[in-house]
Amino acid sequence: MAIASPSLLSLNSHLSSASSMHRSRHSARTISRRQSCHLVRARNNKINSLSVIEAKTTTDDVSEEDIVIVGAGIAGLATAVSLQRLGVRSLVLEQAESLRTGGTSLTLFKNGWRVLDAIGVGNDLRSQFLEIQGMVVKSEDGRELRSFRFKDEDESQEVRAVERKILLETLAIKLPSAAVRFSSGLARMERRENGKMLLELVDGTRLLAKIVIGCDGIRSPVAKWMGFSEPKYVGHCAFRGLGFYTNGQPFEPRVNYVYGRGLRAGYVPVSPTKVYWFICFNSPSPGPKTIDPSVLKKQAKELVKNWPSELLNLIDLTPDETISKTPLVDRWLWPVISPPPSTGTTVLVGDAWHPMTPNLGQGACCALEDAVILSRKLVNAINSGPTSVEDAMKSYGIERWPRVFPLTVRANLVGSLLQWENPVVCSVRNNVVIPKLVRLGPILEHTNFECEPSLKTNF
């Protein structure tokens, strides 16, 4: 357990006792613009607060922060919450005007829930989402190939599909209202001679940060600055949506998979009224970007028009704002070849470092693991100076790489196998491999992860 030190508390006091960020006319315009979009909305819609970040002002109209987190997605907010519970304040920069609460849901296994419990939000979420008991695999004609119960293989397993919107709002409300600055896209980064990072935002605002944590997703500007390649398209795309049943959804609490030839689908209950679904299909290229919901629904239904009707009905019951089509990408972190996740006092977390395909349901879970491990290493090192902080970041990379690289590769290979098109191979898969050879234990083994509560210790 991390122990707070006098110098650590001193570091925090700089943030809590900060003065106005800018005294110039430019600052006044910036604050006015941001006041209109700094809405931090509580999950229960009872709390609405407008806030403007305050920070220390240095010369040349550059404000200084101790820790800046780039990106207010799952990784960024989880890192900020974890740091705060350990006694360290941070500033989160988000390029959007508010929390990016679009999208559908994500499946969290027990490793994800252990992190959420450790940072104090697990119970806030459990009451809102169904616990998934198991999974069933079917062929495209509706024939059941195999079924499993999670707790038969692992009594400690916990699986729930969680709405991304509610997860983000639950994390955000654990932070002070001034902890997240919206409309703050990163335009440029520069390392100064003293080791600090100069961050220039799209609106011209400049920040000087002692520590920068890149949590800005698969197209991360921070990762690009650090020399990482763009994520690679893996050869298939996915439609996703969140069906809504006004009078209650009819499905058992289990994951339903349907496998075809070069095509697969799945759906899982999220809550008493909502069901998440996806359709994954082979495509030589991502194709043009389409956002028209009516077009997306038509394309999705055309792919599975002869499949079980419950899937087609589910697509029809999907609100327009939840349906999407995205190419699946990943980045393999080859040893020696790939850059490390940190350079100086800049470090990457989650998809910014290791984007992976969703075939194992571990993208969000691994981002949560990253957040809590990095936070604890930083808190233990932060009072020892820049060298110790850099060592902590290197230690984070050394610990996390053996975890995330194999999972990225494994998720890719599983997806490739499930996207087979050859009819003979698909027949062997459906009649031999899945019914007789697949075991659930090895599938769940990667969800083992120990995580103690993150709490500041008095001294």
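**Close-up views of a predicted model**

View 1. In α4, the buried residues are Lys110, Asn111, Gly112, Trp113, Val115, Leu116 and Ala118. The model shown in this and the following views is a predicted one. Helix α4 covers residues 110–118, and because seven of its nine residues are buried, the helix is largely enclosed by the rest of the structure. Gly120 follows α4 and has a positive phi, near 85°. Leu116, when residues up to four places away in sequence are not counted, touches Leu108, Val121, Gly122, Leu125, Leu167 and Leu368.

**View 2. The largest nonpolar core and a separate one.** The largest nonpolar core holds 102 residues, and those that touch the most other members are Leu77, Leu108, Leu116, Leu125, Leu199 and Ile213. Helix α11 gives the most to this core, contributing eleven residues. Apart from this core lies another, made of 21 residues, among them Ile279, Val304, Trp307 and Leu314. In soluble globular proteins, nonpolar side chains tend to be buried together. Across the protein chain, which has 459 residues, buried residues make up 53%.

**View 3. Helix α11 from end to end.** Helix α11 runs over residues 363–381, and at 1.5 Å a residue its 19 residues should span 27 Å, which agrees with the 27 Å between its end C-alpha atoms. Of the 19 residues of α11, 16 are buried, so this helix is largely enclosed by the rest of the structure.

**View 4. Arg400 in helix α12.** Arg400 is found in helix α12, which comprises residues 386–418. With a relative accessible area of 2%, Arg400 is buried, because buried means under 20%. When its neighbours within four places in sequence are left aside, Arg400 is in contact with Trp353, Cys366, Glu369, Asp370, Ile373 and Phe449.

**View 5. Leu312 in helix α10.** Leu312 lies in helix α10, formed by residues 309–316, and at 16% relative accessibility Leu312 counts as buried. Not counting residues up to four places away in sequence, Leu312 touches Lys301, Val304, Lys305 and Trp307. Leu312 and Lys301 are eleven residues apart along the chain, and their C-alpha atoms are separated by 6.3 Å.

**View 6. The second largest pocket.** The space in the second largest pocket comes to about 260 Å³. Its lining has 14 residues, and those that lie nearest the centre of the pocket are Ser229, Lys232, Arg331, Trp332 and Trp334. Strand β14, residues 232–244, supplies the largest share of this lining, with three residues. By type, the lining residues of the second largest pocket divide into seven nonpolar, three polar and four charged.

**View 7. Two loop residues with positive phi.** Ser183 sits in the loop between β10 (180–181) and β11 (186–191), and its phi is near 50°, a positive value in a residue other than glycine. Ser183 is partly exposed, with a relative accessible area of 25%. Val336 is placed in the loop between β18 (324–330) and β19 (342–343), and although Val336 is not a glycine, its phi is positive, about 75°. At 86% relative accessibility, Val336 counts as exposed.

**View 8. The chain as a whole, for orientation.** The secondary structure of the protein chain comes to 14 helices and 20 strands. Among the contacts in the protein chain with a separation of 6 or more, 76% are between residues 24 or more positions apart.

Key. Residues are numbered from 1 along each chain as its sequence is written. This is a predicted model: local features need pLDDT of at least 70, side-chain atom pairs count only at pLDDT 80 or more; totals for chains, interfaces and linings use all residues. Side-chain values use heavy atoms; hydrogens and water are left out. Helices (H or I, at least four residues) and strands (E, at least two) are DSSP runs, numbered from the N terminus. The expected span of a helix is 1.5 Å times one less than its number of residues. Buried means under 20% relative accessible area, exposed over 50%, partly exposed in between (1.4 Å probe, protein chains only). On a 1 Å grid over the protein atoms alone, a cavity is a set of points where a 1.4 Å probe fits but cannot get out, and a pocket is an open set with protein on both sides within 12 Å along at least five of seven lines; lining residues have an atom within 4 Å of a point. Grid points are joined across faces, edges and corners, and a volume is the space filled by probe spheres set on the points. Ala, Val, Leu, Ile, Met, Phe, Trp, Tyr, Cys and Pro count as nonpolar, Asp, Glu, Lys and Arg as charged, and the others, Gly among them, as polar. A nonpolar core is a set of buried Ala, Val, Leu, Ile, Met, Phe, Trp, Tyr and Cys residues joined through side-chain atoms within 4.5 Å. Contact means heavy atoms within 4.5 Å.
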